[in-house]
Amino acid sequence: MLRMDRADILPPPETPGALDPSVTQANIDQTICRPGYARAVRPAYAVTAPFKRRLMAEQRPGERLADYELDHLIPISIGGAPFDARDLWLQPRFGQANAGDKNVLDYVLWRLVCERRVPLRVAQRAISSDWTEAYARYATPENIARYHFRRREGDGD
């Protein structure tokens with residue numbers, strides 16, 4: 001279970017999450033569950049970097065860019081909108097309930113959805129309503145071990 005000051009680890013109210021309307025439960029085999037899908041639809045760094053810099057200037061002036069990940073609240077891997085401001089937020093890379101922890105949840109949910117153990121919309125609602133509660137429910141030690149998740153430097157959603 002993640003313990004934390006909730007105000008520091010949940011996205012701001014203007015980031016409720018946004019869905020890619022082209023991803024549905026009926027087409028997950030052709031979209032999100034296809035190898036390489038998320039990488040193929042992820043916006044280029046040249047597009048996301050200026051957006052991240054703008055958010056940093058507005059929300060975290062004076063803090064280091066490297067200390068935050070521009071994160072999709074609803075990951076692209078489970079049908080989050082690739083480039084919609086309602087789905088993008090600055091998530092701390094360090095401390096409790098950080099970007100690495102959420103990346104674990106993102107991966108576990110992707111696997112659960114693609115194995116049809118959790119419906120797509122259930123996973124999307126869980127992670128967008130409170131990702132830390134979704135972590136407690138889905139990123140169990142058993143699921144993390146089952147999917148052999150290995151955190152790599154530079155991983156992110």
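Exposed residues are those with over 50% relative accessible area, buried ones have under 20%, and partly exposed ones lie in between (1.4 Å probe, protein chains only). The structure is a predicted model, in which local features need pLDDT of at least 70 and side-chain atom pairs count only at pLDDT 80 or more, while totals for chains, interfaces and linings use all residues. Residues are numbered from 1 along each chain as its sequence is written, and side-chain values use heavy atoms, with hydrogens and water left out.

Arg 125 and Ser 129 are exposed on one side of α5, whereas Leu 120, Ala 123, Gln 124, Ala 126 and Ile 127 are buried. Seen down the helix axis, these buried residues fall within an arc of 165°, so they line one face of α5; the arc is that of the directions from the axis to the C-beta atoms. The buried residues pack against α4 and α6 (131-138), where contact means heavy atoms within 4.5 Å.

Turning to the aromatic side chains, rings of Phe, Tyr and Trp (its six-membered ring) pair if their centres lie within 6.5 Å; planes under 30 degrees apart count as stacked, over 60 as edge-to-face and the rest as tilted. By this rule there are two aromatic pairs. Phe 51 and Phe 83 form an edge-to-face pair, with 5.6 Å centre to centre and 70° between the planes. This pair links distant parts of the chain, 32 residues apart: Phe 51 belongs to helix α3 (residues 45-59), and Phe 83 to the loop between β1 (68-72) and β2. Phe 51 is buried at 11% relative accessibility, while Phe 83 is partly exposed at 41%.

Tyr 107 and Trp 110 form a tilted pair, at 5.7 Å centre to centre and with 40° between the planes. Being three residues apart in helix α4, Tyr 107 and Trp 110 are separated by about one helical turn. Tyr 107 is partly exposed at 26% relative accessibility, as is Trp 110 at 23%.

Ala 97 has a positive phi, near 50°, and sits in the loop between β2 (88-92) and α4 (99-114); Ala 97 is buried, with a relative accessible area of 2%.

Terms used:
Helix = DSSP H or I, 4+ residues; strand = E, 2+ residues; numbered from the N terminus.
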